[in-house]
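Here is a short tour of a structure, written to be read with the model open beside it.

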Amino acid sequence: MKNQFVVNVIHRPEMVPEYAEKVTGHGKEENISRKALLTESLDIFKTQQSIAHKNGIKTTIQMTYASLFNDEAVELAKAHHEQYGDEIALTLLGLPCKEFREKYKTKDFCIWMFSMEDKKEIVRDVFEKFYERFGFYPESTGSYYMDADLTNFIKQEYPSVKCAVATCWEEGPKAYHTCNNSWYTLFDGGPWAPWIPSKQNTHAPAANEAEDSGIVAIPHLSRDLIACYDGNGSNFGTHPQNVLRGMIYDSKTWEYPYLYNLIDQYRNLARFNNGYSYNMMFVGPGWMNKMGRWEAPYELLLKSYEDGMAYYGKLKKEGKLIDMTMAEFADYYREKKSYTEPECALWDDILYGSDKELFWYTDPFLRACVNMDQGGAIVDLRPYAAKLDWKVGIGTPHVQDASYPFLIQEKYRAGYFTHYAGEGTIRSAKVIHNGEEVDLALCRTKAHFSEEMIDGKKNRILTLDATDIEFADLTCTIQTKVYFEEGTGRIKHERRVLNMSDKNAEVTLNEYMVACYGTTEYSEDMTSVKLTVSGSDTRTIDYAYKCREDSLDNATSVYAVVPPIETKVSLSVEAEEGKAFTGYIKEGYAFSPMFTLGYTTTLKESEVFATWLSLEKAN
Amino acid sequence: MAQLGKGKLNYRCPSCFMRDLDIDMFYDKEKKEFCCIRCQYRGSEKDVLEKNEMVRFRYGAMLKRFDFGLEDMEWTNDPAVEK
């Protein structure tokens with residue numbers, strides 16, 4: 001099978017770019033209908049279009065509400081559709097303009113934050129205005145985030161819509177902090193690559209036709225899957241000016257190989273996704289401001305966009321890139337992908353020189369991140385199996401917070417390392433011998449990706465390079481394999497002892513998962529959580545921060561039910577007949593508001609022990 | 001002392017940048033220095049530019065070009081889906 005690298009380039013005539021009024025208008029009274037601002041905005045749009053076309057790349061023109069009042073913008077869109085095959089689409093970004101403010105009497109501009117009543121009114125207003133100007137309804141739309149109720153409403157009212165920009169990967173508390181706690185785009189926990197959102201929750205992909213929202217969603221930018229998870233997302237994406245924002249360029253030569261590395265690493269993802277890879281570039285006009293953007297002068301802003309587009313153009317000329325409009329991509333995607341086929345990304349550090357490697361996996365039942373630099377530990381876990389009905393906007397419990405909740409998030413909830421007390425969220429294992437204990441999270445390694453049918457189910461498998469565990473009187477070599485079973489919400493960790501320096505030695509293996517729930521760094525109320533160990537007996541701990549523990553020999557499963565996120569998470573064992581093991585549950589306490597599920601067993605050379613992590617919806 | 005304004009470019013505070021904070025600085029035209037209103041940094045344009053070089057220390061592979069073995073992969077520009 002030949003590989004395909006599909007690219008969407010999107011431009012929007014924003015008229016009042018989000019950043020421009022604040023930056024260029026400093027020291028002046030706010031006036032979003034300043035003529036200079038409108039003229040410059042349209043000029044930037046024209047420049048962007050010209051650069052794309054010069055490089056043979058077709059675009060999707062996402063008309064903003066403001067631009068629908070501008071005859072020149074409308075005529076340009078029509079002309080470019082005719083001449084270059086660009087798609088004329090409609091974005092729900094760029095709402096601010098004189099007409100919008102006068103009509104809705106608000107400065108809110110993020111569609112997902114409005115009340116449902118307002119969302120409906122605005123959608124009808126914007127879509128009908130679009131129809132009035134173009135004589136048809138759009139096939140593509142989008143915003144930084146599209147909540148499920150909004151998408152369902154749009155699809156119901158305007159069934160022509162089949163593609164939408166629906167989230168921006170890991171734009172959450174980290175972006176909020178980077179913007180001095182003033183940029184309220186809180187929507188961590190979604191896919192990084194296109195997906196079909198479920199009707200219940202935008203982040204969680206649909207598992208079947210009944211759950212299908214009817215659109216193909218694409219992310220707002222293709223982000224660096226290591227850098228964005230750790231740092232400010234807005235520095236590390238296929239957005240040339242984001243790369244400048246991160247100061248990831250040589251200030252003397254104005255070179256930025258990182259931008260090309262990022263595009264190329266996305267191309268490389270074809271290896272893990274049946275020959276398909278995807279990339280998108282979507283630069284709002286505010287980023288090509290004539291005044292410059294932060295310390296980058298206009299000339300550098302322009303150069304970076306020209307260079308980025310020229311690289312796409314070069315790949316296209318070499319037959320290595322397929323440019324599509326959003327609507328074309330939606331058709332392609334539906335033909336290419338099945339509902340349960342996961343999106344996989346074995347991702348290497350291309351910026352810091354650390355040699356770190358992560359594996360990201362998304363399907364309709366879960367999103368997980370496995371960290372090879374931590375011995376194959378799961379460091380992020382989102383239980384999509386719950387398909388949470390998480391309403392967003394004014395009048396709901398979540399006015400701004402649109403993130404899909406996590407069970408594990410190593411950056412917000414510590415991960416392996418904590419300060420002197422307590423535990424952080426992680427799914428890992430400890431190896432114990434003669435009073436010494438080593439966590440596999442301290443074993444740095446690399447993985448190899450493969451696919452295999454096992455018991456009639458397709459598995460994506462990570463085979464990690466074996467690592468040595470050195471004790472005072474024993475060296476033990478262990479290999480980890482991680483299996484993602486398609487369509488079931490299950491992940492298996494298999495540990496095999498390849499070698500022991502003392503052939504008669506035995507080690508204890510403690511497979512564990514420390515978890516909680518939340519969307520931010522701060523702890524939620526854990527008192528509704530129930531922990532159960534089940535087997536010959538069934539015993540439950542109702543979470544009350546009392547630091548209690550329980551265990552059961554040969555337990556068939558240990559599990560936690562987390563009502564606020566309607567999730568049941570469990571561990572169970574896959575071992576040879578007669579193998580002895582013990583399942584356990586641990587409650588946390590106020591200073592460590594987590595819970596732990598785990599199994600212990602003993603292992604000798606050549607022995608193997610596997611544990612399954614399963615996610616289910618708990619009503 | 002008059003109020004702070006904007007400099008010729010919209011420099012961010014290099015000290016805050018190093019803790020993942022994007023904060024615009026404001027300019028004191030009398031002292032010819034940029035000031036951060038969040039932290040205690042203040043400095044001339046020259047100093048800001050020097051510190052901006054310093055903040056790049058974390059990008060150890062910033063100027064390295066990776067190849068990912070992409071040349072060994074076979075590509076097509078045909079959008080037809082092979083099953």
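Two residues are in contact if their C-beta atoms, placed from the backbone, lie within 7 Å. Helices (H or I, at least four residues) and strands (E, at least two) are DSSP runs, numbered from the N terminus. This is a predicted model, in which local features need pLDDT of at least 70 and side-chain atom pairs count only at pLDDT 80 or more, while totals for chains, interfaces and linings use all residues. Residues are numbered from 1 along each chain as its sequence is written, and chains are lettered from A and ligands numbered from 1 in the order in which they are written.

**A helix pair**

Let us begin with helix H5 (residues 116-134) and helix H6 (residues 148-157) of chain A, which pack at an angle of about 40° with their axes 11 Å apart. Axes here are lines fitted to C-alpha atoms, for helices over the stretch in contact, and angles run from 0 to 180 degrees between N-to-C directions. That angle makes H5(A) oblique to H6(A); angles under 35 degrees count as roughly parallel, over 145 as roughly antiparallel, 65 to 115 as roughly perpendicular and the rest as oblique. The crossing of H5(A) with H6(A) is right-handed, a term for the near helix being turned clockwise from the far one by less than a right angle, with anticlockwise giving left-handed.

Which residues meet? From H5(A) come A:Met116, A:Lys119, A:Lys120, A:Val123 and A:Arg124, and they meet A:Asp149, A:Leu150, A:Phe153, A:Ile154 and A:Glu157 of H6(A). By class, this contact of H5(A) with H6(A) has 5 nonpolar, no polar and 5 charged residues. In this scheme Ala, Val, Leu, Ile, Met, Phe, Trp, Tyr, Cys and Pro count as nonpolar, Asp, Glu, Lys and Arg as charged, and the others, Gly among them, as polar.

**A parallel sheet and its helix**

Next, look at the open sheet of 3 strands in chain A, ordered S4-S5-S6 with parallel pairing. Strand S4 (140-142) and strand S6 (216-219) of chain A stand at the edges, each with a single partner strand, so one side of each has no neighbour in the sheet. On average, neighbouring strands of this sheet are turned by 30° against each other, direction ignored. Strands pair if DSSP finds at least two bridges between them; strand S5 (residues 163-167) of chain A and S6(A) pair in the parallel sense over 4 bridges. Among the details, A:Thr167 has A:Pro219 in S6(A) as its bridge partner.

Helix H12 (residues 326-336) of chain A packs on this sheet and touches S4, S5 and S6 of chain A, its direction making about 115° with that of S6(A). H12(A) is mostly covered, with 8 of its 11 residues buried. A residue is buried if 20 or more other C-beta atoms lie within 10 Å of its own, exposed if 12 or fewer, and partly exposed in between. The buried residues of H12(A) include A:Phe329, A:Tyr332 and A:Tyr333.

**Where chain A meets chain B**

The contact takes 44 residues from chain A and 34 residues from chain B. On the chain A side, strand S1 (4-11), helix H7 (173-178), helix H10 (257-268), strand S8 (322-324) and H12 each supply at least two residues. H10(A) gives the most to that side, with 8 residues. Sorted by class, the side of chain A that touches chain B has 19 nonpolar, 16 polar and 9 charged residues.

| Partner strand | Pairing with S19(A) |
|---|---|
| S17(A), residues 457-464 | antiparallel, 5 bridges |
| S18(A), residues 467-470 | antiparallel, 4 bridges |
| S20(A), residues 490-500 | antiparallel, 10 bridges |

A:Thr463 stands opposite A:Lys481 in S19(A), and A:Ile478 stands opposite A:Val497 in S20(A). A hairpin joins S18(A) to S19(A) through 4 residues. S19(A) and S20(A) also form a hairpin with 4 residues between them, where A:Gly487 in the turn has a positive phi of about 80°.

**Two asparagines with positive phi**

A:Asn434 is not a glycine, yet has a positive phi of about 45°. A:Asn434 lies in the loop between strand S14 (426-433) and strand S15 (436-439) of chain A, and counts as exposed because it has 11 C-beta neighbours inside 10 Å. A:Asn554 has a positive phi near 55° and is found in the loop between strand S24 (549-553) and strand S25 (557-562) of chain A. With 14 other C-beta atoms within 10 Å, A:Asn554 is partly exposed.
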